[in-house]
Amino acid sequence: MTKTNQGLIFLSCSLLAASNQLQAADSDHEQHQAHVHGEAQLLIALDGSTLELEFQSPAMNIVGFEHQPKTENQVKAVEAAIETLKQADLIFTLSSAAQCNPVSIEVKSPLSKNDGHGHTDDHDHEHEVESHSDFTAHYSFRCEQPSRLDKIEFDLFKRFPGTEQLEVQSISKKGQQKIDLTPGNSTLEF
Ligand SMILES: [Zn+2]
């Protein structure tokens, strides 16, 4: 098994655990993975020196449309958004004292031809109904001083002004929390 696979399996397990625990802690509040334009979701798990972030956003917030790109500009907008999301430091800033370095970053959108789901462009997608699409991004970091990770500042709102709210669920040995960040309140305190 490759290191990457192990990392991904770890991520799924820890995020699933985080999600389940948070769900239990928050049962009066319906758990939603709802696709609501303007809202995005982020799961954060800090386990030992490993920090994992799983971001999901409606494509509307990111590129302003959710259909398959129809023009050259739309194709470029999708690829540019993916490149931006891949640059973690454009999206969020981790406490520098924690000395976190990216281990792997993966960004996906069904709107991208490079998504690996093999869209065959030139087929007329006339059956294409008003469907929703997301962007997802997976960030994995190794932190030399994880105990000094006390905040994460999100520049996401500046990069993608269509994002009005980021629902954050985090879990670390300091505890778990659920908080909604907004452009005016864009710092997560651990
Ligand atoms: Zn949508």
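In the predicted model, K151 stands opposite E189 in strand β9, strands here being DSSP runs (E, at least two residues) numbered from the N terminus. K151 belongs to strand β6 (residues 151-154), which is joined to β9 by three bridges in an antiparallel arrangement; two strands are taken to pair if DSSP finds at least two bridges between them. Residue numbers start from 1 along each chain as its sequence is written. Because the model is predicted, local features need pLDDT of at least 70 and side-chain atom pairs count only at pLDDT 80 or more, while totals for chains, interfaces and linings use all residues.

Strands β6 and β9 form part of an open sheet of three strands, ordered β3-β6-β9 with antiparallel pairing. Its edge strands, each pairing on one side only, are β3 (92-94) and β9 (187-189). On average, neighbouring strands of this sheet are turned by 15 degrees against each other, direction ignored; the axes are lines fitted to C-alpha atoms, for helices over the stretch in contact, and angles run from 0 to 180 degrees between N-to-C directions.

A further open sheet contains six strands in the order β4-β5-β2-β1-β7-β8, and its pairing is mixed. Here the edges are formed by β4 (100-108) and β8 (175-181), each of which pairs on one side only. The twist from one strand to the next averages 10 degrees. Within this sheet, nine bridges link strand β2 (residues 50-58) to β5 in the antiparallel sense, and F55 has A137 in β5 as its bridge partner. Helix α3 (residues 72-86) lies across β4 and β5 and runs at about 160 degrees to β4; helices are DSSP runs of H or I with at least four residues.

Strand β5 (residues 134-143) also contains F135. This residue counts as buried because it has 25 C-beta neighbours inside 10 Å, the threshold for burial being 20 or more other C-beta atoms within 10 Å, against 12 or fewer for exposed residues and values in between for partly exposed ones, with C-beta atoms placed from the backbone. F135 and F55 are separated by 80 residues in sequence, yet their C-alpha atoms are 8.1 Å apart. Beyond its neighbours within four places in sequence, F135 is in contact with S57, A59, I62, A81, L85, V107 and S109, a contact requiring C-beta atoms, placed from the backbone, within 7 Å.

The protein has an average pLDDT of 84, and 74% of the residues score at least 70; pLDDT is the predictor's confidence in each residue, from 0 to 100. Over residues 23-32 the pLDDT stays under 50, and the model has four contacts beyond four places in sequence for this stretch.

Technical notes: Contact = placed C-beta atoms within 7 Å.
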